[in-house]
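Here is a brief report for a reader new to this structure. Please look through the sequence and the model first.

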Amino acid sequence: MSLLSHPSFGPRTALGYVTVGSLSDVWTLVWYFTHESELTPTGQFWVIGLILTGLVFVSLGLLLGPLGRWARQAELPPVQAIGAEADIQMIAATNSPQSLCRE
């Protein structure tokens, strides 16, 4: 089983947060600048809330990217174990399963 078969969550999640946050901000600002009438206090509340929510999502995404890279490095085996694991894999590859099972 490959050690890196389950990659870290960070890069994919970061991309999702940045995308959702950016689209939220863009479409909120498009609506705000193309809206023809004056905004009510409730409307201002929603516009400001959606813009800030989008900015929070973008910030989370930008923070999760490096966090995902650090988590990926933490999942790797120590440098000392890589040589030993390579030797084990080489020995396992040279010995077929039939040669290990003797009747």
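## Basis

This is a predicted model: local features need pLDDT of at least 70, side-chain atom pairs count only at pLDDT 80 or more, and totals for chains, interfaces and linings use all residues. Residues are numbered from 1 along each chain as its sequence is written, and side-chain values use heavy atoms, without hydrogens and water.

## Overall fold

The protein has four helices and zero strands. Helices (H or I, at least four residues) and strands (E, at least two) are DSSP runs, numbered from the N terminus. Of the 103 residues, 16% count as buried. Buried means under 20% relative accessible area, exposed over 50%, partly exposed in between (1.4 Å probe, protein chains only).

## Aromatic pairs

The structure holds three aromatic pairs. Rings of Phe, Tyr and Trp (its six-membered ring) pair if their centres lie within 6.5 Å; planes under 30 degrees apart count as stacked, over 60 as edge-to-face and the rest as tilted. Tyr 17 and Phe 57 are stacked, because their ring centres are 5.5 Å apart and their planes at 20°. This pair links distant parts of the chain: Tyr 17 sits in helix H1 and Phe 57 in helix H2 (residues 41–75), 40 residues apart.

Phe 45 and Trp 46 form an edge-to-face pair, with 5.7 Å centre to centre and 80° between the planes. Both Phe 45 and Trp 46 are exposed.

## Leu 23

Leu 23 lies in helix H1 (residues 10–34). Its relative accessibility is 47%, so Leu 23 counts as partly exposed.
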